[in-house]
Amino acid sequence: MRMPDWFTNLGAPGTFYKFAGRLIPWLAGLAALSFVIGAYGGLVLAPPDYQQGDGYRIIFIHVPAAWMSMFIYVLMAFWGALVLIWRAKIAAALMVSAATLGASFTAITLATGSLWGKPMWGTWWAWDARLTSELVLLFLYIGFIAMQQALPARPQSRRAGAVLLLVGVVNIPIIHYSVQWWNTLHQPATITKFGAPSIAFEMLWPLLVMAISFMAFFAAACLWRTRAELLLNEVHSRWTYQLTNG
Amino acid sequence: MSAPAIGGAVAGLVRRDLRLAAQHPFQWLMPLGFFILAAMILPLGVGTDQNLLQSFAPGALWLCALLAALLAQEGMFRTDYEDGTLDLLLISPCPLPLLIASRVFVQWLVTGLPAVVIAPLLAHSYGLSWTSGWILAITLLLGTPLISLLGAVGASLVVGLNRGGMLITLLVLPLCVPVLIFATAAVRATAGGLPVSGHLLLLAAMLVLAATLAPLACAAGLRASGG
């Protein structure tokens with residue numbers, strides 16, 4: 001099977017730079033629009049929870065952030081595989097750019113979770129299995145970022161980072177289940193996050209719209225950072241010269 | 001390369017590493033010293049209440065062993081990188097993962113095994129029964145090679161860095177969470193009179209998985225960062 005030309009051309013940093021530049025305004029617009037709709041639907045239209053009152057509304061930030069935190073790590077590992085197999089420059093730039101965003105989403109998940117936990121569970125932090133694995137995920141992100149900061153900015157460092165991501169992605173299920181197992185051994189399951197078997201539609205659609213918003217924001221911000229990363233990596237190439245000299 | 005030639009190369013590397021370790025006893029005495037010292041200094045901080053000591057002995061001893069094993073990983077490829085041995089390993093016709101596996105094995109033999117041997121004594125000093133002490137030693141026997149393997153992956157990624165020790169710990173510690181959980185659970189189960197074989201089998205399964213995959217990841221890491 002042969003890829004269409006416009007797709008293979010995207011592998012060239014110059015072409016990708018222009019393509020990303022055209023894409024970013026649309027993604028940013030989608031992110032802003034769906035954020036407003038989702039926030040209105042979640043904070044105004046959705047009814048209060050019968051048990052948690054208005055406190056549950058933090059899920060419209062918390063749950064999409066949690067989804068993103070896990071999705072981004074897997075996505076980074078996928079780009080890491082592309083880096084190792086094809087030495088793809090674009091994938092390397094995307095991988096590095098996504099790391100800080102992923103770590104931020106993880107931190108937001110932990111922060112909003114603990115804000116929610118204080119009134120609902122009566123404590124900022126519990127050694128719950130989900131909380132603990134999210135915390136370990138934050139450390140995995142921090143390890144990757146620290147490593148990329150410590151190593152010189154060159155393709156070899158990106159490939160080393162890609163190996164770390166692949167090792168991490170193999171380990172995440174093992175860590176997740178071991179933590180779950182550890183938690184159930186130590187304390188009875190006192191915490192059921194959303195006891196109801198299914199979530200009401202009035203609450204579900206704002207949640208999904210917010211998830212779209214977060215995803216679009218991530219795509220826009222990641223492409224933005226990737227553009228900067230590509231410029232830095234390709235300072236001495238022809239297309240950056242042409243870009244800066246008209 | 002034929003099978004006997006590969007066997008000869010691996011045996012030669014093992015002999016060389018063992019001889020080097022014998023010539024530099026501090027290389028393996030330091031992690032052991034760290035393990036004993038850290039474990040002995042802990043009761044000074046938390047007091048000598050026997051019940052308290054007994055309850056956190058498995059976790060405390062395992063954490064000390066974990067940190068000692070990780071700190072020892074910093075020097076794993078350092079001297080090889082500096083004197084050019086690593087380049088020879090990289091261009092050798094012998095499969096690199098195999099060479100790395102033998103290197104990790106020797107590294108574990110000189111830094112991990114002494115900790116396994118001394119563990120029952122330390123456990124006894126924390127007031128654990130001899131049975132618990134033996135189970136602790138068995139979990140260390142299964143767990144420290146695992147940590148050496150994971151630590152070798154971390155070391156391979158930052159091989160060119162001057163002060164990579166802290167970074168290796170930062171990279172590898174989150175990956176060690178399952179080892180810590182199952183190993184301490186096994187010791188705690190012994191103290192409570194519960195069966196331990198499940199925990200030990202899970203540890204062994206993780207060891208098999210790591211022994212299979214970690215040398216490959218380590219080889220990819222060395223080729224990426226050291227080549």
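What is the handedness of the crossing of α7(B) and α8(B)? The crossing is right-handed in this predicted model, and the legends below present this helix pair together with other views of chain B.

**Figure 1. Packing of helices α7 and α8 of chain B.** Helix α7 spans residues 113-125 and helix α8 residues 130-157; their axes come within 8 Å and cross at roughly 150°. Angles over 145 degrees count as roughly antiparallel, so α7(B) is roughly antiparallel to α8(B). On the α7(B) side, the contact is formed by B:Ala115, B:Val116, B:Ala119, B:Pro120, B:Ala123 and B:His124. The α8(B) side contributes B:Trp130, B:Ser132, B:Gly133, B:Trp134, B:Leu136, B:Ala137, B:Leu140, B:Leu141 and B:Thr144. Classified by residue type, this contact holds 11 nonpolar, four polar and no charged residues.

**Figure 2. Packing of helices α2 and α3 of chain B.** The axes of α2 (residues 26-46) and α3 (residues 50-72) lie 9 Å apart, and the helices pack at an angle of about 145°. The crossing of α2(B) with α3(B) is right-handed. Residues of α2(B) in the contact are B:Pro31, B:Phe34, B:Phe35, B:Ala38, B:Ala39, B:Leu42, B:Pro43 and B:Val46. They meet a set of α3(B) residues that includes B:Leu52, B:Leu53, B:Ala60, B:Leu61, B:Cys64 and B:Ala65. The contact of α2(B) with α3(B) comprises 19 nonpolar residues, with no polar and no charged ones.

**Figure 3. The side of chain B that touches chain A.** Here 20 residues of chain B are in contact with 23 residues of chain A. Four helices of chain B, namely α8, α9 (165-172), α10 (177-191) and α11 (197-225), each supply at least two residues of this side. The most is given by α11(B), with six residues. By class, the chain B side has 18 nonpolar, two polar and no charged residues.

Figure 4. The C-alpha trace spans about 55 × 35 × 30 Å along its principal axes. A compact globule of 227 residues would have a radius of gyration near 17 Å, and the 18 Å of chain B therefore agrees with that expectation. Buried residues account for 44% of the 227 residues in chain B. Of the contacts in chain B between residues at least 6 apart in sequence, 78% join residues at least 24 apart.

Technical notes:
Residues numbered from 1 in each chain as written. Chains lettered and ligands numbered in written order. Predicted model: local features only at pLDDT ≥ 70, side-chain atom pairs only at ≥ 80, totals over all residues. Axes fitted to C-alpha atoms, helices over the stretch in contact; angles between N-to-C directions. Parallel < 35°, antiparallel > 145°, perpendicular 65-115°, else oblique. Left-handed = near helix turned anticlockwise from the far one by under 90°. Contact = placed C-beta atoms within 7 Å. Nonpolar A, V, L, I, M, F, W, Y, C, P; charged D, E, K, R; others polar. Rg over C-alpha atoms; globule rule 2.2 N^0.38 Å. Buried ≥ 20, exposed ≤ 12 C-beta atoms within 10 Å, placed from the backbone.
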